[in-house]
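Please keep the sequence and the structure at hand while reading.

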Amino acid sequence: MSLRKLASLALAVMLLALVALPGIAAAQTAQIVMSTPFSDITKETGADVNIKVKLINQGATEQYLTLSLDTTVTGWDARIQNVDWDYDISSIRLLPGQTEFKEIYFRISIPETAAERTYNFTIRAKAAGVE
């Protein structure tokens with residue numbers, strides 16, 4: 001029986017959407033909350049990891065967000081996907097006022113060849129029109 005190496009994943013959930021929108025008073029800023037209960041995970045090499053991430057719009061206007069994944073890790077299969085269907089997504093629409101929340105998956109396949117160390121991944125959500 002061989003021992004499997006462990007790879008530690010650090011998921012930083014970052015948000016770049018808390019900004020004043022053009023034509024809206026400063027008091028009415030986009031207020032998007034993105035969270036996950038799991039931000040530091042240790043898993044054996046060769047394993048798949050599926051982490052749910054919740055997005056909520058606490059602002060007063062509908063928001064369209066562009067989603068991206070930042071990492072310096074190469075050779076891994078890491079993606080942002082829809083929770084209900086198995087397809088990649090790069091944008092999402094959120095209705096205002098916490099009337100609903102959306103969940104997405106951060107899915108990653110850890111290669112058998114991964115070294116035992118910490119790997120960092122960052123999910124970014126950027127509001128439309130924000131540079």
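Asp77 and Arg79 form a salt bridge, with their closest N and O atoms 2.8 Å apart; a salt bridge here is a side-chain nitrogen of Lys or Arg within 4 Å of a carboxyl oxygen of Asp or Glu. Salt bridges with shared partners bring Asp77, Arg79 and Asp88 together in one network. Asp77 has a relative accessible area of 36% and is therefore partly exposed. Arg79, at 28%, is likewise classed as partly exposed. In this classification, buried means under 20% relative accessible area, exposed means over 50%, and partly exposed lies in between (1.4 Å probe, protein chains only).

The model is predicted, so local features need pLDDT of at least 70 and side-chain atom pairs count only at pLDDT 80 or more, while totals for chains, interfaces and linings use all residues. Residues are numbered from 1 along each chain as its sequence is written, and side-chain values use heavy atoms, with hydrogens and water left out.

**Further salt bridges**

How many salt bridges does a search of the whole structure find? The search finds five. One of them joins Glu62 to Arg93, and the closest N and O atoms of this pair are 2.9 Å apart. The pair connects distant parts of the chain, since Glu62 lies in the loop between β4 and β5 and Arg93 in strand β7, 31 residues apart. Glu62 has 33% relative accessibility and so counts as partly exposed. Arg93 also counts as partly exposed, because its relative accessibility is 36%.

Another salt bridge is formed by Arg124 and Asp70, whose closest N and O atoms are 2.1 Å apart. This pair, too, links distant parts of the chain: Arg124 belongs to strand β9 and Asp70 to strand β5, 54 residues apart. With 24% relative accessibility, Arg124 counts as partly exposed. Asp70 falls into the partly exposed class because its relative accessibility is 30%.

| Residue pair | Closest N and O atoms |
|---|---|
| Asp77 and Arg79 | 2.8 Å |
| Glu62 and Arg93 | 2.9 Å |
| Arg124 and Asp70 | 2.1 Å |

**Strands and their pairing**

The chain contains zero helices and nine strands. Helices (H or I, at least four residues) and strands (E, at least two) are DSSP runs, numbered from the N terminus.

Four strands make up an open sheet with antiparallel pairing, in the order β2-β4-β8-β6; two strands pair if DSSP finds at least two bridges between them. Why is one side of β2 and of β6 left without a neighbour in the sheet? Both β2 and β6 (77-82) stand at the edges and have a single partner strand each, so one side of each lacks a neighbour in the sheet. From one strand to the next, the twist averages 20°; axes are lines fitted to C-alpha atoms, for helices over the stretch in contact, and angles run from 0 to 180 degrees between N-to-C directions.

Within this sheet, β2 is joined to strand β4 (residues 48-57) by four bridges, and the two run antiparallel. Opposite Ile32 stands Asn57 in β4.

Strand β5 (residues 63-70) pairs with strand β7 (residues 91-94) in the antiparallel sense over four bridges. Here Arg93 in β7 stands opposite Tyr64. Strand β5 is also joined to strand β9 (residues 118-127), by six bridges and again antiparallel. The bridge partner of Thr66 in β9 is Lys126.

**Two buried loop residues**

Thr36 is located in the loop between β2 (32-35) and β3 (40-44). Is Thr36 buried or exposed? Its relative accessibility is 16%, so Thr36 counts as buried. A polar atom of the Thr36 side chain lies 2.8 Å from the backbone oxygen of Lys52.

Trp76 counts as buried because its relative accessibility is 15%. Between Trp76 and Ser109 there are 33 residues of separation in sequence, while their C-alpha atoms are 6.3 Å apart in space.

**The chain as a whole**

Of the 131 residues in the chain, 37% are buried. Among contacts between residues at least 6 apart in sequence, 76% join residues at least 24 apart; contact means heavy atoms within 4.5 Å.

Note on methods. A polar contact is a pair of N or O atoms within 3.5 Å; within protein, one must be able to donate a hydrogen and the other to accept it, and residues adjacent in sequence count only if both atoms are side-chain atoms.
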